[in-house]
Amino acid sequence: MAKPKTKSKSKGSTSPGFNKAVQLLLHLTAAVQFSYGVYTLHITQMPNTVPFGGKFKFLTFICAIIQALYYIVSLVNDFVGTNELTPKRPPAVRRFKDWLMATLAFPVAINVGVTFWTLYAIDRELVFPKVLDPVFPSWLNHVLHTNIVVFIVLELFISYRSYPKRSHGLAGLATFMGAYLVWIHVVKHYSGVWVYPVLEVLQLPQRILFFVAVVGFTLSLYLLGEFLNNTVWAKEVKLAKRKSN
């Protein structure tokens with residue numbers, strides 16, 4: 001007697017209960033971790049920094065807020081939204097979660113992590129002067145500059161998301177980065193000091209080149225995230241495209 005054929009299960013359906021538990025654990029751990037990191041950095045008194053703009057002049061602080069927001073939204077989606085791979089009518093919280101991950105959470109996290117540790121390796125005084133060591137614990141430094149990368153990469157592999165139209169996603173990210181560059185110039189105008197020591201040692205042409213490189217690098221990270229998502233979740237992406245046609 002012939003055995004009935006069994007359908008091959010997709011990546012996201014091999015063990016729904018296990019996948020859901022892993023997603024929930026990651027989202028809860030990350031939400032608590034980054035929320036506490038934001039709070040700790042907010043109350044930390046940093047020496048030799050101008051008061052204008054508060055902590056909001058640091059991309060690290062803004063990035064941590066984005067990460068905390070993303071994982072809080074992910075938690076809400078875990079309970080009242082849906083983690084179905086390709087829902088026909090995804091709820092608003094799922095649509096916002098997917099947009100936030102693709103447009104801001106992934107590219108900004110990778111940008112902050114890679115840029116910080118690259119400059120730190122060249123000369124830590126350019127981004128994290130030794131004068132901060134007594135007031136800035138090492139665990140907080142790793143939460144804000146290391147864990148943001150680790151957790152967002154893990155999230156990429158355990159949760160599928162539908163990327164927005166590329167032009168829309170890139171426009172959103174470019175607007176964010178452009179607004180931040182304007183903001184740090186506002187801080188410089190009113191305080192007379194650049195937010196980051198590295199900008200103090202660069203001449204105007206070098207600063208322009210640096211800003212262009214940072215924005216270009218960040219936009220390329222959006223494309224990297226899209227590529228990785230389409231590679232890791234290739235079957236789900238094809239299924240979503242068929243459903244949309």
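This is a predicted model: local features need pLDDT of at least 70, side-chain atom pairs count only at pLDDT 80 or more; totals for chains, interfaces and linings use all residues.
View 1. The salt-bridge count comes to four.

View 2. Arg 94 and Asp 98 are joined by a salt bridge of 3.1 Å, N to O. These residues are four apart in helix H3 (residues 92–123), so about one helical turn separates them. Both Arg 94 and Asp 98 are buried. A further salt bridge, at 3.8 Å from N to O, links Glu 155 with Lys 97. Because Glu 155 belongs to helix H4 (residues 138–158) and Lys 97 to helix H3, this pair ties together parts 58 residues apart in sequence. Glu 155 is buried, with 0% relative accessible area, and Lys 97 is likewise buried at 1%.

**View 3. Surroundings of Lys 55.** Lys 55 is located in the loop between helix H1 (16–43) and helix H2 (59–80). This residue is buried but has no salt bridge; Asp 133, the nearest side chain of opposite charge, is 16 Å away. The Lys 55 side chain reaches the backbone oxygen of His 42 at 3.4 Å. Residues touched by Lys 55 include Leu 41, Thr 44, Met 46 and Phe 61.

**View 4. Nonpolar surface patch.** Tyr 36, Tyr 39, Ile 43 and Trp 139 make up this patch, with about 450 Å² of accessible area together. Helix H1 gives the most, with three residues. Ile 43, found in helix H1, is partly exposed at 44% relative accessibility.

Conventions. Residues are numbered from 1 along each chain as its sequence is written. Side-chain values use heavy atoms; hydrogens and water are left out. Helices (H or I, at least four residues) and strands (E, at least two) are DSSP runs, numbered from the N terminus. Buried means under 20% relative accessible area, exposed over 50%, partly exposed in between (1.4 Å probe, protein chains only). Lys and Arg count as positive and Asp and Glu as negative; His and the chain ends are not counted. A polar contact is a pair of N or O atoms within 3.5 Å; within protein, one must be able to donate a hydrogen and the other to accept it, and residues adjacent in sequence count only if both atoms are side-chain atoms. Contact means heavy atoms within 4.5 Å. Patches are made of residues with over 30% relative accessible area and no salt bridge: like charges are joined within 9 Å, nonpolar side chains (Val, Leu, Ile, Met, Phe, Trp, Tyr) within 5 Å. Accessible areas come from the Shrake-Rupley method with a 1.4 Å probe; for residues, only the protein chains shown count as cover. Lists of a residue's contacts leave out its neighbours within four places in sequence.
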